[in-house]
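Here's a walk through one protein model, heading by heading. Keep the viewer open and follow along.

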Amino acid sequence: MFRGESKAGKEEKMSGDKVAYNLRPNKFVERQSFIELLGYWFNGVVPEKVVYVSFGGPQLEDHKLVHRGLGVKNLVSLENDAIVYGRQLFNKHFSFIKCLNISSSDFVADFDKFSEQYDDKQFVIWLDYASPKERREQIIEYQALLGKLQQGDILKLTMNVSPRTLDKRQIDEDVFEPQTQLLETINQRRVEKLREQLEEYLPVDIPPYSEIKSNDYVRIFASVIQKASSLGLQSSPRLTVIPLSLFLYQDSAHQMLTATVGVISKTEAEEKRSDL
């Protein structure tokens, strides 16, 4: 049963891409937590039945951790940048890591064909985005890919949710403007940018501009992911998603939100709820 960068250009690299891995403690903790979660989810499943797909980056760090922690050998890395792809081929520690020079959008579009190679496997796919300019494409890819997954698969999404990426201070903006009025002006620009990027995914109960706080943007993005998750499985009436984790952390200069969901049958979901 168990069977990544979006249109990646130079701006679509991993957050903190130029920061040494050992200097990114929060990213390290995220990877370790994910490995632990996968250990619980796949308890009793032989590693040969699992396929792990993510944006490996130059060092393929999470692929190495997934293999060492779980014994998985069906490891696939997506990379659109030809230079980074070349570094992957040079750096990969294990010959069984498959590096694909492909964008996440093409991967999602061709996923049905890709999955035919692993017909009896369960998928773990991590869409680890960084660019705040491609949020709409990222959510659309997440939703589209979720609709192609099967029972027992896991999909993880990481997005840049830094509020400062939603607005740019105007050069002629009055720095002596009252703080409350300035905050309302900034929030108005940020919400307008959100509507431009994610209109149909946004919750209807966004607070008034004057009342929006930094954490409200995190809640808004979490609601966006929740709605995309619901829409993703509309064509699969027997399946639903269960939330497995939701984390907010600082990665270098970026605030990142990461959500993990598991695909299960609605019958199983009801049984789990009744056990609570």
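## Starting at D62

Let's begin with D62, which is found in helix α2. This is a predicted model, so keep that in mind for everything that follows. Is D62 buried or exposed? Its relative accessibility is 4%, so D62 counts as buried, the cut-off being under 20%.

Who does D62 touch? Leaving out residues up to four places away in sequence, the list is R31, Y52, S54, F55, G56 and W126. Two of those names, Y52 and S54, come back below as residues of β1 that point one way from the strand.

## L60 and its phi

L60 is found in the loop between β1 and α2. Its phi is positive, at about 55 degrees, although L60 is not a glycine. Most residues other than glycine have a negative phi. L60 also counts as buried, because its relative accessibility is 1%.

How many of the five residues of strand β1 (residues 50-54) are buried? Five of the five are, so β1 is largely enclosed by the rest of the structure. V50, Y52 and S54 point one way, V51 and V53 point the other way, and all are buried.

On one pairing, β1 runs parallel to strand β4 (residues 122-128), with five bridges; V50 has Q122 as its bridge partner in β4. On another, β1 runs parallel to β2, with four bridges, and S54 stands opposite S77 in β2. To get from β1 to β2, the chain crosses through helix α2 (residues 61-70), and this β-α-β crossover is right-handed.

## The sheet as a whole

What is the strand order of the open sheet? Reading across its seven strands, you get β3-β2-β1-β4-β5-β7-β6, and the pairing is mixed. The edge strands are β3 (97-101) and β6 (239-251), each of which pairs on one side only. Ignoring direction, neighbouring strands of this sheet are turned by 15 degrees against each other on average.

Helix α3 (residues 82-91) lies across β2 (74-79) and β3. The helix runs at about 165 degrees to β3.

Strand β7 (residues 254-265) is joined to β6 by 12 bridges, and the two run antiparallel. Pairs you can pick out include Y249 opposite M256 and Q250 opposite Q255. β6 and β7 form a hairpin with two residues between them, and S252 in that turn has a positive phi of about 60 degrees.

β7 also runs antiparallel to β5, through seven bridges; here I154 has G262 in β7 as its bridge partner. How covered is β7? Mostly: 11 of its 12 residues are buried. I264 has its place in this strand, and at a relative accessible area of 2% I264 is buried, as that value falls under 20%. I264 and T240 are 24 residues apart along the chain, yet their C-alpha atoms are separated by 5.6 Å.

## Helix α8 on the sheet

Helix α8 (residues 214-232) packs on the sheet and touches β5 (154-160), β6 and β7. The direction of α8 makes about 25 degrees with that of β7. The buried residues of α8 are D216, Y217, V218, I220, F221, V224, I225, A228, S229 and G232.

## How confident is the model?

Mean pLDDT for the protein is 87, with 86% of its residues reaching 70 or more. Where in the protein is confidence lowest, and where is it highest? It is lowest in helix α9 (residues 266-275), at a mean of 78, and highest in β1, at 98.

Residues 1-16 need a separate mention: the pLDDT there is below 50. In the model, this stretch has 77 contacts beyond near neighbours in sequence.

Terms used
Residues numbered from 1 in each chain as written. Predicted model: local features only at pLDDT ≥ 70, side-chain atom pairs only at ≥ 80, totals over all residues. Heavy atoms only, no water. Pairing = 2+ DSSP bridges. Axes fitted to C-alpha atoms, helices over the stretch in contact; angles between N-to-C directions. Contact = heavy atoms within 4.5 Å. Buried < 20%, exposed > 50% of the residue type's maximum accessible area, 1.4 Å probe, protein only. Right-handed = clockwise from strand over helix to strand, strands pointing away. pLDDT = per-residue confidence, 0-100.
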